Amino acid sequence: MKRQLGPIQLTLLGIGAVIGTGIFVLTAEAAQKSGPAMMLAFVIAAVVCGLAALAYSEIASMIPVSGSAYTYSYGVFGEVLAWVVGWALVLEYAIGATAVCVGWSGYVNGLLNSGVFGLVEPGTLSLPAWLQTGYFSGGGFNLLAFLIGIGVTWLLVIGTSKSARVNAVLVAIKIVALVAFIALALPAVQSTNLTPFMPVGWGNPTGGVGVLGAAASIFFAYVGFDAVSTAAEETKNPNRNIPIGLIGALAVCTIFYLLVGYGAAGSVGAQPLMDAAGTVLDPGTPAMAAACALPENAQALVCSNEPLAHVIRVLGFPKIGNLIALAAVVALPSVILMMMFGQTRVFFTMSRDGLLPEALSKVHSRFHTPHVITYLTGIVVSICAALFPVGKLADTSNSGTLLAFAMVSIGVLVLRKTQPDRPRPFRTPLAWIVCPLAVAGCLLLFVNLSMTAKLVFAAWAVLGLILYRVYGYKRSHLAREAAQ
């Protein structure tokens, strides 16, 4: 594929992939799990991602080809573990894109329900209730989530360079929206809104609540920076530009997240809702929906499907709140774009290696993009987005991401031992400290995911191993070479 992406485009692609549903939507879920201490959750997730980013930068500069953690694992651990990682990346990219589609639809439905800036009577443009949420969220078919998935699929098929230019504009819109939020929310911060700071404590591995439970969920807010490395074959001077894009994107996003989290919790409060027994309600459940329906909880941050716009409206700036909502509507598709971009490039590489049917790696004669796998990915993402709730999707996506991050970190250490003299345009500083800490951080967050996410991950892994044994084990390029 044509090399056409430079360091600025890569950094913007990374920011575009990171800033999205995690901060625009999942802030409310993090608040419900940990209260104002969600700020600590942002820090914990950022530290784990930062450590993993350093590992990614070294190994991406050494193996500058498409495929992200799958390719790196293939080069270090061999085919079997590479398949496991590649299969887990489906959870990261495809399910991640699905979650963003659902988050986007929440903002659009919010604008339609409110009358679109007062242009019409509230409710006039609203979709039927059963078309606003998915079947597993208590609705029917999330029409808008389905349609945005189809739209992004088309954009990806017509070409990477067009996608990158569109993404640059969308990134700018998101940055402006977050700056406006910070400028209005920070002056309104009151210490009383931050008390109690840790109403749920640190949490426990089975409950998925507390600071660690929130960190495991809000980790999704940082997922996507590694999608930069999947564009290696379309990057000019990848040995230099991939590390710049990875670290630059993560640094910018971390600063924004900390300011946004502090502004949201400090300005309007972020206390979680409890049941009669004093137990934190699980976000996305009927019990949580019933609690949010009570009049006294109508203004609660944890009940909002559009938390950043909600905060600004509560502070007395309804027009600016609506503009922030509009910015999310316009800009969130860039996250879907990069998530799906990453997924298609992973599948593309796995197909070239023979682990998936070769037809999936066909490149369009006119657009020079892997159109077959892009269409297939887009259809699956769109259908899933129409059916499932955003919070559960985000947790499931995190499970695959954490495995990929851990494997890349281990891979850096393996290569330091097995190929110490190999050129490394970027070297992870203090690798024998940074990489083990990255692995430990990934494990900590994984065990604090919801039980549902961990069960889905286990079932997905078993399915992947069965598929590999039935298809990839016999048809991969390595298997063919061994047979000869």
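Modeller: Let us begin with exposure, where a residue counts as buried under 20% relative accessible area, as exposed over 50%, and as partly exposed in between. The model here is predicted. Tyrosine 135 has a relative accessible area of 53% and is therefore exposed, while phenylalanine 136, with 48%, is partly exposed.

Biologist: How are the rings of tyrosine 135 and phenylalanine 136 arranged as an aromatic pair?

Modeller: Planes over 60 degrees apart count as edge-to-face, under 30 as stacked, and the rest as tilted. The search of the whole structure finds 12 aromatic pairs; one of them joins tyrosine 135 to phenylalanine 136, with 5.0 Å centre to centre and 90° between the planes, which is edge-to-face. In the pair of phenylalanine 141 with phenylalanine 146, the ring centres are 5.5 Å apart and the planes stand at 55°, so this pair is tilted. Both of its residues are partly exposed, phenylalanine 141 with a relative accessible area of 26% and phenylalanine 146 with 22%.

Biologist: Which residues form an aromatic cluster?

Modeller: One aromatic cluster is made up of Trp83, Trp87, Trp460 and Tyr468.

Biologist: How should I read the packing of helices?

Modeller: Two packed helices are described by the distance between their axes and by the angle between those axes. For helix 16 (residues 390-418) and helix 18 (residues 451-475), the axes come within 8 Å and cross at roughly 55°, which means that helix 16 is oblique to helix 18. The crossing of these two helices is right-handed.

Biologist: Which residues of helix 16 and helix 18 make the contact?

Modeller: From helix 16 come Asp395, Thr396, Ser399, Gly400 and Leu403, and from helix 18 come Ala453, Val456 and Phe457. Sorted by class, this contact of helix 16 with helix 18 holds 4 nonpolar, 3 polar and 1 charged residues.

Biologist: What is the crossing angle of helix 6 and helix 15?

Modeller: The axes of helix 6 (residues 79-114) and helix 15 (residues 371-385) cross at roughly 45° and come within 8 Å, so helix 6 is oblique to helix 15. This crossing, of helix 6 and helix 15, is right-handed. Helix 6 contributes Ala94, Ala97, Thr98, Cys101 and Val102 to the contact, and helix 15 contributes Val381, Cys384 and Ala385. By class, the contact of helix 6 with helix 15 has 7 nonpolar residues, 1 polar residue and no charged residues.

Biologist: Is glutamine 343 buried or exposed?

Modeller: Glutamine 343, whose place is in helix 14 (residues 333-352), has a relative accessible area of 0% and is therefore buried. Leaving aside its neighbours within four places in sequence, glutamine 343 is in contact with Leu89, Val90, Tyr93, Ala94 and Thr377.

Technical notes: Residues numbered from 1 in each chain as written. Predicted model: local features only at pLDDT ≥ 70, side-chain atom pairs only at ≥ 80, totals over all residues. Heavy atoms only, no water. Phe/Tyr/Trp six-rings, centres within 6.5 Å; stacked < 30°, edge-to-face > 60°. Buried < 20%, exposed > 50% of the residue type's maximum accessible area, 1.4 Å probe, protein only. Axes fitted to C-alpha atoms, helices over the stretch in contact; angles between N-to-C directions. Helix = DSSP H or I, 4+ residues; strand = E, 2+ residues; numbered from the N terminus. Parallel < 35°, antiparallel > 145°, perpendicular 65-115°, else oblique. Left-handed = near helix turned anticlockwise from the far one by under 90°. Contact = heavy atoms within 4.5 Å. Nonpolar A, V, L, I, M, F, W, Y, C, P; charged D, E, K, R; others polar.
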